[in-house]
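Keep the sequence and the coordinates open while reading.

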Amino acid sequence: MTRFTKVRAIGLRAVPLLALGALAGMSSGANGQDAAPAPGLAPYFQPVTQGPTTPDSDGFLRRWLLLEPIDKPNRSNTGFTATYVRQALTTPYFPGQFTAIPRDGQVVKAAQPLRWHALDSGAFDVKLFSFAKGLGKPTYGVIFWAVTIVDSPREMRDVRLAVGSNSASIWWLNGKETAGLFNDRRMVMDDVLSDRVTLRKGRNVLRGAVINGPGLSDFCVRFVDETGRPITDLKTDVR
């Protein structure tokens with residue numbers, strides 16, 4: 001795989017990144033899962049298998065708990081300033097929004113009942129539009145919530161969370177805001193890198209929210225080390 005250097009934003013700063021893997025829209029390494037596809041969601045998702053899984057060969061996290069979309073009408077993505085997005089994504093919509101670890105099939109009480117789904121993504125980018133469409137849910141003017149458990153074999157310092165999303169999003173690691181992507185944007189791998197963070201040995205909770213007006217919606221997430229290389233010796237699960 002060709003190595004190349006790009007400049008990505010960290011908040012208001014820019015940092016060099018040794019980007020590895022495919023560009024957005026290209027496939028990444030597979031996990032080798034062979035469970036039957038979820039009805040209505042194939043080929044983009046399949047049910048999780050028993051036991052934890054690992055990131056794909058490029059480090060992207062593919063196992064997620066996804067909440068059915070929350071209705072948040074926006075006629076355009078152009079208004080997704082940092083102020084608007086932070087207000088929209090920190091508004092309480094359901095109990096335990098920032099603290100609970102949901103279960104597959106659990107229903108939360110939002111403006112209307114919404115169900116969590118434990119799924120493995122068929123691609124390195126988690127296709128939220130296809131998730132909503134496959135369930136017969138609204139695809140435009142919505143907020144998606146995603147949660148996964150990252151199990152690290154050791155304490156890892158000075159790593160970064162690398163995120164791309166369509167459209168804006170905010171990500172929290174172990175309860176702390178770690179990365180924010182604002183304004184109208186397409187999903188590009190490693191579009192934003194967090195400041196340096198520490199992955200605890202053992203269990204880490206990664207939580208994200210993506211807001212979208214019209215158009216497609218997806219995200220991709222991985223951890224990279226201090227040299228920009230993807231971290232692949234992690235395990236992810238949803239319980």
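Start at threonine 148, which is buried because its relative accessibility is 0%, below the 20% cut-off. The model is a predicted one. Threonine 148 belongs to strand 9, which covers residues 142-152. Its side chain comes to 2.7 Å from the backbone oxygen of arginine 63. Setting aside residues up to four places away in sequence, threonine 148 touches Leu61, Arg63, Trp64, Asn204, Val205, Leu206, Thr236 and Asp237.

The last residue in that list gives the next step. Aspartate 237 sits in strand 17 (residues 235-237). With a relative accessibility of 11%, aspartate 237 also falls under 20% and therefore counts as buried. Beyond residues up to four places away in sequence, its contacts are Gly51, Pro52, Arg63, Thr148 and Ile149.

Proline 52, one of the contacts of aspartate 237, is found in the loop between strand 3 (45-47) and strand 4 (63-67). Its relative accessible area is 47%, so proline 52 is classed as partly exposed. Apart from neighbours within four places in sequence, proline 52 contacts Arg63, Lys235, Thr236 and Asp237. The C-alpha atoms of proline 52 and lysine 235 are 6.0 Å apart, while 183 residues separate the pair in sequence.

The protein has 17 strands and two helices. It consists of 239 residues, 53% of which count as buried.

In soluble globular proteins, nonpolar side chains tend to be buried together. Here the largest nonpolar core contains 32 residues, and Trp64, Leu66, Trp171, Phe219, Val221 and Phe223 have the most contacts inside it. A second core is separate and has 26 residues, among them Leu65, Trp116, Ala118 and Val147.

The largest pocket holds about 240 Å³ of space. Of its 13 lining residues, Asn166, Arg186, Leu216, Ser217 and Asp218 lie nearest its centre. The lining comprises five charged, four polar and four nonpolar residues. The second largest pocket, about 150 Å³ in volume, is lined by Leu173, Asn174, Lys176, Thr178, Val197, Thr198 and Arg200.

Some backbone details remain. Most residues other than glycine have a negative phi, and most peptide bonds are trans. The bond between alanine 42 and proline 43 is cis, with omega about 5 degrees, and proline 43 lies in the loop between strand 2 (13-19) and strand 3. Asparagine 166, from the lining of the largest pocket, is joined to serine 167 by a cis peptide bond with omega near 5 degrees. Serine 167 is in the loop between strand 10 (156-166) and strand 11 (168-173).

Asparagine 183 is partly exposed because its relative accessibility is 42%, whereas aspartate 190 is buried at 0%.

Notes: Residues are numbered from 1 along each chain as its sequence is written. This is a predicted model: local features need pLDDT of at least 70, side-chain atom pairs count only at pLDDT 80 or more; totals for chains, interfaces and linings use all residues. Side-chain values use heavy atoms; hydrogens and water are left out. Helices (H or I, at least four residues) and strands (E, at least two) are DSSP runs, numbered from the N terminus. Buried means under 20% relative accessible area, exposed over 50%, partly exposed in between (1.4 Å probe, protein chains only). A polar contact is a pair of N or O atoms within 3.5 Å; within protein, one must be able to donate a hydrogen and the other to accept it, and residues adjacent in sequence count only if both atoms are side-chain atoms. Contact means heavy atoms within 4.5 Å. On a 1 Å grid over the protein atoms alone, a cavity is a set of points where a 1.4 Å probe fits but cannot get out, and a pocket is an open set with protein on both sides within 12 Å along at least five of seven lines; lining residues have an atom within 4 Å of a point. Grid points are joined across faces, edges and corners, and a volume is the space filled by probe spheres set on the points. Ala, Val, Leu, Ile, Met, Phe, Trp, Tyr, Cys and Pro count as nonpolar, Asp, Glu, Lys and Arg as charged, and the others, Gly among them, as polar. A nonpolar core is a set of buried Ala, Val, Leu, Ile, Met, Phe, Trp, Tyr and Cys residues joined through side-chain atoms within 4.5 Å.
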